[in-house]
Amino acid sequence: FCLLNLSSLSLQASEGVTFIGPDTHAIQAMGDKIESKLLAKNAKVNTIPGFDGVVKDADEAVRIAREIGYPVMIKASAGGGGKGMRIAWDDEETREGFRFSSQEAASSFGDDRLLIEKFIDNPRHIEIQVLADKHGNALWLNERECSIQRRNQKVVEEAPSTFLDPETRRAMGEQAVALAKAVKYSSAGTVEFLVDSSKNFYFLEMNTRLQVEHPVTECITGLDLVQEMIRVAKGYPLRHKQADIPINGWAVECRVYAEDPYKSFGLPSIGKLSQYQEPLHVPSVRVDSGIQQGSDISIYYDPMISKLITYGSNRAEALKRMEEALDNYVIRGVAHNISLLREVIVHPRFVQGDISTKFLPEVYPDGFKGHKLTDLERRELLATAASLYVAEQLRSQQFLGTPRIPIAKSKRSSWELSVRLGDGIYPVAVSKDGSSFSVEVDGMKLNVTSEWNLASPLLSVTIDGTQRTIQRISRNASGETSIQFLGTVYKLQILTKVAAELSKYMPEKAAEDTSSILRSPMPGTVVAVSVKPGDMV
């Protein structure tokens with residue numbers, strides 16, 4: 001859809017070609033936030049208080065913001081995907097927001113028109129899927145909860161929402177259908193709402209296309225939305241009535257991005273996917289992607305790698321499967337946000353359904369730092385890393401299943417190791433018992449069992465009866481290794497006790513002097529340099 005413009009749609013119609021989607025009138029009306037808000041008001045849809053016209057300049061923006069009352073949201077009229085949006089809490093932020101939003105809107109959409117409306121603080125972002133035909137029939141296919149966001153872009157979605165009751169769901173659905181009928185909409189579309197803590201809801205925008213998160217709706221309703229879009233485009237009436245639309249089970253979608261989640265919850269990463277393996281062996285998992293191993297992630301397109309969807313008979317089951325799917329997802333060559341996604345879906349607030357669009361900054365006020373290990377989890381990681389080290393040492397002594405040197409001494413059965421994790425150094429004792437290892441850490445013994453297939457990117461390990469799926473990301477000859485454990489990659493150094501004692505004599509590599517370096521946190525284009533040689537900064 002992104003490759004088509006309105007003139008091309010008109011040309012297709014004149015040539016007898018039918019576009020699978022809404023007509024140009026609906027796309028144009030709903031694609032303009034100013035016009036769509038006016039249409040929503042006329043259709044008796046709840047709207048956010050604000051200025052309905054085009055804001056001419058920064059001075060007018062300040063005047064309008066004062067009339068509405070701070071805080072306000074400055075938005076690109078032609079915007080989407082969180083681009084061209086700024087929150088302003090005072091006059092200075094309004095002027096700055098007007099300048100940045102208009103620049104971003106012009107570069108992203110070729111349209112620098114802005115509107116201003118009241119900012120609903122700490123809301124939920126809940127959207128209604130609609131489906132309409134060319135015969136005046138329209139349905140609402142329940143809601144999607146899309147409140148987990150960063151930079152106004154969705155990260156985790158689910159259907160249904162834990163927050164809506166049947167009455168609110170029906171009211172939102174009926175208003176969404178009323179808006180679709182007001183613009184004579186035909187095809188699948190989405191009406192987005194902001195919902196406050198009292199379940200008051202306000203129209204945000206309508207997306208005249210199939211949304212990224214549509215699979216969760218397909219999971220709980222059993223409808224194939226793409227098939228329905230094709231049928232509508234062909235001219236068939238809808239096959240279902242509103243009473244036929246069920247809510248069966250629960251579905252969760254995680255947007256897997258090539259992003260570094262430790263920088264502003266996700267700044268884009270570029271590179272080649274050197275290894276890529278989707279977790280399709282996990283039950284009730286769906287992966288929608290457009291890449292494969294060897295694909296390049298560039299600066300020219302959205303950094304999304306895939307949409308990862310899990311389904312269950314209830315929310316707990318869907319979340320548990322998502323946790324397993326994330327652990328089994330292999331992505332190498334670029335930074336990715338698996339660690340952030342996994343932390344979100346297991347966080348107590350998320351599990352309880354206590355979420356809003358401010359979830360990430362509230363839960364991680366100092367930025368995302370990865371999973372914080374409990375003492376038990378730390379011991380599990382140390383025991384697993386030590387067992388992996390010993391398994392590799394034993395494998396290196398084998399040649400086609402037999403000892404390399406027939407006259408070699410009998411195999412060792414115990415090892416004393418020193419493992420560095422973060423700022424701590426831990427003595428670890430390992431003894432072999434068949435295919436299992438008995439590992440002593442902090443004076444406690446743990447039993448670690450695995451098939452120890454060291455060639456596999458995924459390793460299933462059982463630690464005292466608890467199954468964990470880990471990934472060894474890298475290792476080198478100095479004992480340094482990186483292991484993905486509970487979604488987060490941890491750096492460790494594993495040495496024998498003797499090597500650890502001798503390591504203190506090794507010279508340390510001097511840290512890079514970055515005091516005179518200006519380094520971009522992400523790839524991009526330099527659009528302006530606001531200083532020149534000789535200026536005082």
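How many cavities of 30 Å³ or more does a search of the whole structure find? The search finds one.

Good morning. The structure before you is a predicted model, in which local features need pLDDT of at least 70, side-chain atom pairs count only at pLDDT 80 or more, and totals for chains, interfaces and linings use all residues. Residues are numbered from 1 along each chain as its sequence is written, and side-chain values use heavy atoms, with hydrogens and water left out.

I begin with the cavity. By cavity I mean a set of points, on a 1 Å grid over the protein atoms alone, where a 1.4 Å probe fits but cannot get out; lining residues have an atom within 4 Å of a point. The volume, the space filled by probe spheres set on the points, is about 40 Å³ for the largest cavity. Its lining consists of Lys33, Ser36, Lys37, Lys75, Leu115, Glu117, Phe203 and Leu204. Helix α3 (33-42) and strands β4 (114-118) and β9 (201-207) each supply at least two of the lining residues; helices here are DSSP runs (H or I) of at least four residues, and strands (E) of at least two. The largest share, three residues, comes from α3.

Among the buried residues are Arg342 and Glu343.

Finally, the domains, whose bounds come from an automatic or database domain assignment. The protein chain is assigned domain 1 (51-119), domain 2 (124-363) and domain 3 (375-397 + 413-504). Taken over C-alpha atoms, the centres of domain 1 and domain 3 are 53 Å apart.

Definitions and conventions: 1 Å grid on protein atoms, 1.4 Å probe; cavity = no way out; pocket = protein on both sides within 12 Å on 5 of 7 lines; lining within 4 Å. Buried < 20%, exposed > 50% of the residue type's maximum accessible area, 1.4 Å probe, protein only.
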